[in-house]
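Student: I would like to go through the terms used for this structure and see what each one rests on. Please set the values against the definitions.

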4 protein chains.
Amino acid sequence: MIITMKNKATKAEIEEILELVNKHGLKALPIHGDDYRVFGIVGDTSKLDIEMINAYSCVDNVLRVSTPFKKVSRTFHPENTIIKVGNLEIGGNKVVMIGGPCSIEGKDQIVRIAHGIKENGGDAIRGGAYKPRTSPYAFQGLATEGILNMVEARNQTGLPIVTEIMDASKIDEFVKHVDIIQVGARNMQNFELLKALGKIDKPILLKRGLANTIEEWLMSAEYIMAGGNNKVILCERGIRTFEKYTRNTLDLSVIPLVKKLSHLPIVIDPSHATGKADLVESMCLAAVAAGADGLIIEAHYDPRKAWSDASQTITLEAFGKIKEKCKKIAEVIGREM
Amino acid sequence: MIITMKNKATKAEIEEILELVNKHGLKALPIHGDDYRVFGIVGDTSKLDIEMINAYSCVDNVLRVSTPFKKVSRTFHPENTIIKVGNLEIGGNKVVMIGGPCSIEGKDQIVRIAHGIKENGGDAIRGGAYKPRTSPYAFQGLATEGILNMVEARNQTGLPIVTEIMDASKIDEFVKHVDIIQVGARNMQNFELLKALGKIDKPILLKRGLANTIEEWLMSAEYIMAGGNNKVILCERGIRTFEKYTRNTLDLSVIPLVKKLSHLPIVIDPSHATGKADLVESMCLAAVAAGADGLIIEAHYDPRKAWSDASQTITLEAFGKIKEKCKKIAEVIGREM
Amino acid sequence: MIITMKNKATKAEIEEILELVNKHGLKALPIHGDDYRVFGIVGDTSKLDIEMINAYSCVDNVLRVSTPFKKVSRTFHPENTIIKVGNLEIGGNKVVMIGGPCSIEGKDQIVRIAHGIKENGGDAIRGGAYKPRTSPYAFQGLATEGILNMVEARNQTGLPIVTEIMDASKIDEFVKHVDIIQVGARNMQNFELLKALGKIDKPILLKRGLANTIEEWLMSAEYIMAGGNNKVILCERGIRTFEKYTRNTLDLSVIPLVKKLSHLPIVIDPSHATGKADLVESMCLAAVAAGADGLIIEAHYDPRKAWSDASQTITLEAFGKIKEKCKKIAEVIGREM
Amino acid sequence: MIITMKNKATKAEIEEILELVNKHGLKALPIHGDDYRVFGIVGDTSKLDIEMINAYSCVDNVLRVSTPFKKVSRTFHPENTIIKVGNLEIGGNKVVMIGGPCSIEGKDQIVRIAHGIKENGGDAIRGGAYKPRTSPYAFQGLATEGILNMVEARNQTGLPIVTEIMDASKIDEFVKHVDIIQVGARNMQNFELLKALGKIDKPILLKRGLANTIEEWLMSAEYIMAGGNNKVILCERGIRTFEKYTRNTLDLSVIPLVKKLSHLPIVIDPSHATGKADLVESMCLAAVAAGADGLIIEAHYDPRKAWSDASQTITLEAFGKIKEKCKKIAEVIGREM
């Protein structure tokens, strides 16, 4: 941490800051230059609140030098984390493909889709039972019934299931039935939920918030890991920008960036990112080329009849074709699918 | 709702859409022009999902004409809603001033600040007991102890108290002790929390999310009102932009805009919006001039020692001076303080 | 400037950086702490390119401590700059009001509006002769004819005229005829135009770009001042955000912020910022309360017939009423109108 | 175009709007439903200004149905446009690679880099002679000397040259010496420059603005094409978002999107987009996988000594390796490199 004092800071004011620093068990070391306004703070500066120092009127500027996340950081965990879900590995050499409808609409629907995903090369099934909807009047999901429908789909296909949790009160249900628990973009900073998920032993698929930075996203992963649950899968699903043709803007540069900053696996959701079925294939190919560990795609046997997100949902056949093409891209960069 | 078909849509494709519309109890009326590509949909279109129609490859465009919120809308409730909290009225002619620390740090601190707020003309006390922090290692608040400290502050001053809820599991505690329950920016779309707050009879101060539109904000208010709780106070606290000098960008145009769209009161938080104590006064004067129903300000007897948000916290004396200046502005526009 | 090396930087690598710093006539001073990774750079660091240092693989981080603007900065010019245009002063105690149509549509139109502005208390006339339009097929302005129409409006009313320049090739025409030359938001970083305007002796009204930071805006003012023209008036006209109800988001916090950072006057344009005539009055009152030096408003005798920006244009009577209300706000904060 | 009246619009008010529509040679056709508030406007609605209609207080809403660009649109030009620059084709089956330094620093530098680009499989050379810099005190480029240095580089290698124009006054110089004229992000809406470039017969590489939508970008291309110059190459170089780890956010979804909307070729600049040399390779692979027609990359024999953009510049060897990897990706999707 670097503290810069204002030009007009008095000696007494500077002393006050230095004492404050000492009180926190840290050392303030002046940069001996033309003036004595800049101090480097040595020690565990995570104990010191930037805001508190900034509040002193004699302080011009406080800068943090090190990253605020620890368990998430590749610095302290150089090898890739591989997360096992039954026979499936996420974060290993194989790029995984997860598919399914936006909303679970009934047992027949999800079971039929699950078989289709399996036949077309999918590794896991996604589907929403609890749905975060902007309007209170929109379809809110089948809830527990939807979860049980997914369980049936898993029983019939053997594929693990991914579904979104919206509230900590439902954790027992999710731990009992679900293989990978998704935290949606709108709940990325629902810290009470993150804390609760830190105490269980289940993989968490953590979506990036609509307007959150990568650092905030990694800090949310840190919340889960700080609680003891190391099984975090990061998921980029597009960020909010000014663009109107697409629902959000898919940020594929997060793939190499997250791989440098962290050891956690990263999965890409091109469906929510673009909001358009006809952009999904290109974005899948690009994501695999950029080094993604997996894809999570909205697919349905008849997208036009999907109860939600219809315009961004692809057919099961399209899912299969994307798998074939991505497989070839994966091979070029030395990975399998 | 207006549906536009693609130029190359076949007659059979168009028929399919028209049937779909009819099935939902709606009428599709062609705009008789040079072509028959554009249809107006008449009836309660809230039943129809835009996405579902967009998913048909023959559809070029679907546009919703009416606003998606109902109970929040001034159209159906022309007079201003006035929310009573003891003797205090929010949304009436008097502009209210709420003040207090970012975090409650102990009984002495909050009680001392509460007295200071009262002496300097404040109408209610704010203070955080449960704190949403980006880092799991940062101070998370005194929790129940903090709530009880606030109750003591209320007992001594008679001022109502405002504090933030972060999880539906704490609702009983809040209903029992708190006068106005705050929903923070990061939880604006925590729909499970909103639903739970819709079932109680307490005023809710709903902050706008960091990157949410006004429509999304009003839809979150609609969630609370749809559950039966009409006591919603909207609170603008700045939105995320590219600007780095300020923490967020305060959007004061929401004041006249929300007043036109809705009957709910609106309160401005200049502290979180700007992140800088020396910008707070100007933004308070501007907010009152623009027609705000209230101000919620971070204030402390010694801002430099505040455990969080120190750099945006003002002194109790500064709070009093702002009150005096705002009062004069309020009088110019025909309001009291 | 603070340079932080990576943990694994070798001694040789560090030496290379220190030599580079010396070569630029600067001194690198280590912060003597638990390690020797952090260096403070002393001297005129504006000569050193952050990017160049960052390019060394052993460097973790480079941070600039001082502001990059000089002539614009209040540090080196503590008193407010007051810009004189005939009898009019901008930046003094009096808050000025500039009004007029978006586009000049003909002599009769602009002359009639100019008289209306004068009668309703306006201090200067605005109007577009060269129009920056998103579409090449939209009305592009009357060009030279429009400028001459404005000259006629000035002759008849005695009010100074403000109009936008779009290209350096037109500077002679503007110097000859125009009192205040406007640089539009889209040209805020048209550096060749800024350089050319730095060489003339005319007030420049520099609008903030749609997605530019305050620092970038002040750097564009620095371009003009670096050329020798000190007469720069800053103009906030809203920034691009996700909000759809308003055309842009008016950032009023720039008023106190710019007043702290710079000595230049600042004027607010609520018409382009909101895009809605019925939000203009509230935003004018708020701007004056926050300390703006002036307002620039789109006004027309019949807004509905304006050739451009009709929905954000107010009537001349509304302009007069806003003047009356703002005058009272100005008095409360110790200013005149 | 669809016009919706307010509920309380009187018959007389509606008549006034309908007359206005007729006066522009258009027909307003009511949607016969439960009310008569919604009208479809038939005919060439590009003549009608949305703002003008919105200005009527009885109007609730005006929506444009068709796209505002014509010559750029694939609707009216179904086949891909292929732009020839000597023997090089951009927009054909071959994906092109353009490389070179951010700034031209002298003849030796650019000639040496040009040879390196050629040896490593590059198809054209980029380099800045006129540099748009945020600060007036930063290196502004070698200007004409830089252009002539590039000409020498072309003479020695036979590769075409790409460089940025900043002002219409320099067009003759660019037409005489340069093969592809670049318009930078900050000048994307410098409409006077676009108009001037519409009158010449040279390929224009049009970068997307930092905070511009795809529609605005295509409208800027329309400006050039409306003047008669059909040789427009679109270039995505990242948009401004809240992310701080990267300089900008590369939007690769524009590749399939632009391919659908337009017939023009699209090239990706991963260097400016990410601002980090170690992200360039991944983003190149992703861009080719997504269907880009070319890549434009900052490369230098010693990136650490580049006078600008050093931290995002790769070595010439890295350029060659990227070429090899991209070639394999290109083959997978049926293209050459």
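**Salt bridges, interfaces and axes**

Tutor: Over all chains, the structure holds 68 salt bridges. The model is predicted, so local features need pLDDT of at least 70 and side-chain atom pairs count only at pLDDT 80 or more, while totals for chains, interfaces and linings use all residues. Residues are numbered from 1 along each chain as its sequence is written, chains are lettered from A and ligands numbered from 1 in the order in which they are written, and side-chain values use heavy atoms, with hydrogens and water left out.

Student: Why is the pair B:Glu89 and B:Lys84 called a salt bridge?

Tutor: A salt bridge is a side-chain nitrogen of Lys or Arg within 4 Å of a carboxyl oxygen of Asp or Glu. For B:Glu89 and B:Lys84 the N to O distance is 3.8 Å, so the pair meets the rule. Side chains of opposite charge can pair when their charged atoms come close.

Student: What makes B:Lys84 exposed or buried?

Tutor: Buried means under 20% relative accessible area, exposed over 50%, and partly exposed in between (1.4 Å probe, protein chains only). B:Lys84 has 57%, so it counts as exposed. B:Glu89, at 35%, falls in between and is therefore partly exposed.

Student: Which parts of chain B does the salt bridge of B:Lys207 and B:Asp269 link?

Tutor: The side chains of B:Lys207 and B:Asp269 meet at 2.7 Å, N to O. B:Lys207 is in strand S11 (residues 204–207), and B:Asp269 is in the loop between strand S13 (266–268) and helix H9 (270–274), 62 residues apart. Helices (H or I, at least four residues) and strands (E, at least two) are DSSP runs, numbered from the N terminus. Both B:Lys207 and B:Asp269 are buried. In chain D, D:Lys207 and D:Asp269 also form a salt bridge, at 2.7 Å, N to O, and both are buried.

Student: Which residues are linked in a network of salt bridges?

Tutor: A:Glu16, B:Asp302, B:Arg304 and B:Lys305 are.

Student: How do you know that chain D and chain C are in contact?

Tutor: Contact means heavy atoms within 4.5 Å. By that rule, 45 residues of chain D are in contact with 45 residues of chain C. The two chains bury about 4,000 Å² between them, 53% of it on carbon and sulfur atoms; buried area is the accessible area (1.4 Å probe) that two parts lose on being put together, summed over both.

Student: How many salt bridges does the rule find across the interface of chain D and chain C?

Tutor: The rule finds 4. One salt bridge joins D:Arg240 and C:Glu216 at 2.4 Å, N to O. On the side of chain D that touches chain C, helices H2 (50–54), H6 (191–198) and H7 (214–226) each give two or more residues. The largest share, 5 residues, comes from H7(D).

Student: Why is the relation of chain A and chain B called a two-fold axis?

Tutor: Copies are superposed by least squares on the C-alpha atoms of residues with pLDDT of at least 70 in both. Chain A can be laid on chain B with an RMSD of 0.0 Å by a turn of 180 degrees and a shift of 0.0 Å along the axis. That is the relation of a two-fold axis. The C-alpha of A:Ala211 is the nearest to the axis in chain A, at 3.0 Å.

Student: What makes the copies meet through the same surface?

Tutor: 100% of the interface residues of chain A are also interface residues in chain B, so these copies meet through the same surface.
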